[in-house]
Amino acid sequence: MKLPHLIASLMICAPAMAGQTWITNVKLISPEKLDRIESGSVLIDNDRIVRVERGTGGKTPPGAARIDGKGYYLTPGLIDSHVHLFAVPGMSFEQADHMQTMAKEYFAQMPRSYLYYGYTTVIDLAAGSREFIDRVKAMPRHPDIYDCGPPLVFANGYPSSYAPIEHRFETFSNFIYDPAQADKIPARYKPEDYTPAKGVARAKADGAICVKTHYEHGFGAQHNLPVMSPAVYGEVRAAATKDGLTLVTHGNSFEAQTFAVNGGVDVLAHGMWHWGALNNSPELPDEIKQLLDKIVERNIGYQPTMQVLYGLRAYVDPEYLNTPVLSKLLPPAMLAWLKTPEGNWFKEEVAEEGETDETVRKNMEAPLRRQRQVVAYLASKNANFLFATDTPSSPTYGNIPGLNGYLEMQDLRNAGLSLAQLFKAATINNARAFHLEQDLGSIEPGKVANLVLMKESPLQDVRAYDTVDTVWVRGKPMARESLAVGL
């Protein structure tokens, strides 16, 4: 049978989703064989790929459900390695608690919105609640979810500094004790219980595959926040190596990324849009090029997260909330609320009092320009890019699950990544950086059957990522339109 009729039948008939599925006559695009884009077939047995045949004429195995993918492209499922599942875009935590019905509707749709754009795996870099992660995993349709456990924060540093002091150490309970701040840490917390090694061990015990740290002095009203020393970071590095965890460090400045690179980081979470004393340089300074060369030489994973800044610009883009696909990704009541003055509350954090939208857009151009220059240089050196969105990066409605990934794809392409670099970043590069390559990242026998069927080739046009037809998560097919709100 041809698509989409067979997919529809598979979605309706639960027994058909068990056993074997034969996807045939489809163009295979897998990152380890980009020199061989040709027709072929894939056999899925329950949740695994058990056979891959290149060429035409393969016979359907007896008893297998057959899907004829003529004219379509089959890729590995996409991986977004930087999300925050517990946050609601456009809402503070207090608002989400106050408007629980709206938040509940959002969370019911949220995992489906990632799938809508082909993200079959997401990695939560700061899993604030194991109970919440488990609830999402229990939903009938959701991506595979991995996480870094509770973030390992430096006492009273970013991001714990944003929590009220009376609740700070309960909210960010996996922290590193700083003897210099003994008078600012409740006495019930003992230094020997909050060492770097014990913090990493807590993440490991929580089921994490990575550990998230920060080097951030702060911004806006909060600046000069305490940060860990090279010696403390070295202890984190040693503990992460011992426990087999990927070490991820938040840092969007030249200073922060220099610190992390010198300390042996595995993954840099964010692009570099702050150059410090070099901010006014029109060209990429040699000092920054030298650091970027180290990042390339050491194969450090680089998450540009360009939508962090573009997502803030949504508040000065009067057409953003009218983007047609938002009605498929957000519950109607939430989308309507975001268009109200109350729903635009976060604009006050984006724009200074009295600033026009045009002024805000102009002020954002300099950090965006710096970020694009860094990404372009790394792309020219074929750096180890990791596709990541930081969804949502803050309480902005400019970071909607799924759509935020598609916009990030366009940002990266416009900044200089080739289509092949972009495809690898969202598949095999992410899988390798987080030690998931035995299961994810390519179309090979033995791997988990997380797959995406597209109408166009992602190696021909970035817009192909908006032509998803069907996704498979662990062998179970889901037609794209069945993942929209209300379906």
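The account below takes the domain first, then the residue, then the cavities.

The model is predicted, so local features need pLDDT of at least 70 and side-chain atom pairs count only at pLDDT 80 or more, while totals for chains, interfaces and linings use all residues. Residues are numbered from 1 along each chain as its sequence is written, and side-chain values use heavy atoms, with hydrogens and water left out.

The unreviewed UniProt entry places the feature "domain: Amidohydrolase-related" at residues 73-477. Over residues 73-477 the chain is 38% helix and 13% strand, from DSSP runs (helices H or I, at least four residues; strands E, at least two). The end C-alpha atoms of residues 73-477 are 15 Å apart.

H82 is found in strand β6, residues 78-83. H82 counts as buried because its relative accessibility is 0%, buried being under 20% with a 1.4 Å probe and protein chains only. The side chains of H82 and Q303 are joined by a polar contact of 3.1 Å (a pair of N or O atoms within 3.5 Å, one able to donate a hydrogen and the other to accept it).

There are two cavities of 30 Å³ or more. A cavity is a set of points on a 1 Å grid where a 1.4 Å probe fits but cannot get out, and lining residues have an atom within 4 Å of a point.

| Cavity | Volume |
|---|---|
| Largest cavity | about 50 Å³ |
| Second largest cavity | about 40 Å³ |

Residues lining the largest cavity include P76, D439 and N450. Among those lining the second largest cavity are F154, H214 and E216.

Key:
1 Å grid on protein atoms, 1.4 Å probe; cavity = no way out; pocket = protein on both sides within 12 Å on 5 of 7 lines; lining within 4 Å. Points joined across faces, edges and corners; volume = space filled by probe spheres on them. UniProt positions renumbered as here; feature names shortened; annotations may be inferred. Buried < 20%, exposed > 50% of the residue type's maximum accessible area, 1.4 Å probe, protein only.
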